[in-house]
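Please read them with the model open.

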Amino acid sequence: MKELFAVFGRIGLLSFGGPAAQIALMHHELVDKRGWLTEAQFLRALSFCMLLPGPEAMQLATYAGWKRGGVIGGLIGGGLFVLPGAMVMAALALLYGAYGSLPVVQALFLGVKATVIVIVIAALIKIAGRALVSRAHMLIAGAAFVALFFFAVPFPVVVLVAGIAGAVMPHDRTATTPPPGGGLRSAGRVLLIGGTLWAAPVVVVALSGSAFLLDVAAFFSLMAVVTFGGAYAVLAYMTQEVVFSYGWLTTPQMMDALGLAETTPGPLILVTQFVAMVAGLAQGGTALALAAGALTLWVTFLPCFIWIFAGAPLIDWLDGRPRLRAALAGITAAVVGVIANLSLWFALHVMFGTVTRLQSGVISMVIPDPASLQPLAIGLAGLAAVLLMRQKWPLSLVLPLVAVTALGLTFALGGV
């Protein structure tokens, strides 16, 4: 147990740079350095985690801990992957609530958001290369983009339709492994116990009479089961709900949230904690913010442990269900369209000072005002693209560099 704490604590503290960098770090620590997993075990577990809702890197850490030390090991692996980033995010949310509107802070955030545009586009390119393996999957991705950007179709609907489309399309029908009955019974017990634990604080909040905390619990519980493709895939949908349906944050605050999540260790989906805490500060001060943050962490990450503890023993069985594989492949293809929508939405809001929503019949899309184009934001995004994608500089260096450059140029232009 001491070794598990040491290894996964190190991984949690160093897990900057998004899923790709985090998975590479775990491969080095768990496969190359210690041999806790074989190459084949690591790749099969990674493929399994990519098919689940939620952050695949955190789930991979949970699986590795479970493989090494059972349920306790899984709790250590997944918990330590999240905890350092959650603590940092809590502090940043409180500081943002106090100082986020200062001109100096906003200037720094312009550099961060310009860099995030490049990060999201890079993620889109990587996922597209892995997911779009046929013309049918390209059609699903294109349809998902059109549904979201031009018609504002809710993200859960897009996921459901993509899964159905993938299942009914021609696919490899070879089943390789019969279902192990004992494994299914064990998974059922995990789902029952885990579901009870997941629901417990929601019931407590409902009995307490706090409408805000109940909304937080219900909304982020839904996010936990539809986040196929990770935080990038659901950010635009989450923004639509948080900004327009609940009125908890503004659109610029949501973009700041993603920028901060990119600068902290741990899974990017910690952006949900930031959103809940900033909303809690506005609703009722620090105590409510801390309660909202803790509740969000619980309903966001507990399901990840449930999926792994229930599903990890069934990896072979799931791999042998051809129609399920095809449905999940359809969802993965749709995620490409979802992230393309996010890339365009985010870029428009960063590069234009005024963005409005056009509503005409079934069409609902964002339109920028050309007169509000911000050349500084475009230049900063170009700088980040050169450093990240051409020069291959690490994100931990590029983010602060572009942020400081944004502050310096804003100061020189008289904006601070």
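1. A crossing is called left-handed if the near helix is turned anticlockwise from the far one by less than a right angle, and right-handed if clockwise. Helices are DSSP runs (H or I, at least four residues), numbered from the N terminus. By that convention, α11 passes α12 in a right-handed crossing.

2. The model is predicted: local features need pLDDT of at least 70, side-chain atom pairs count only at pLDDT 80 or more, and totals for chains, interfaces and linings use all residues. Residues are numbered from 1 along each chain, and side-chain values use heavy atoms, without hydrogens or water.

3. Helix α11 (residues 251-262) and helix α12 (residues 271-284) have axes that come within 9 Å and cross at roughly 135° (lines fitted to C-alpha atoms over the stretch in contact; angles run from 0 to 180 degrees between N-to-C directions). Contact (heavy atoms within 4.5 Å) involves Met254 and Leu258 of α11, among others, and residues of α12 including Phe274 and Val278.

4. Helix α1 (residues 2-14) packs on helix α4 (residues 56-99) at about 40°, with the axes 8 Å apart. This pair is likewise oblique, and its crossing is right-handed. Among the contact residues are Phe8 and Gly12 of α1 and Gly69, Gly73 and Gly77 of α4.

5. Helix α15 (residues 322-351) reaches 44 Å from its first C-alpha to its last.

Methods: Helix = DSSP H or I, 4+ residues; strand = E, 2+ residues; numbered from the N terminus. Expected span 1.5 Å × (residues − 1). Parallel < 35°, antiparallel > 145°, perpendicular 65-115°, else oblique.
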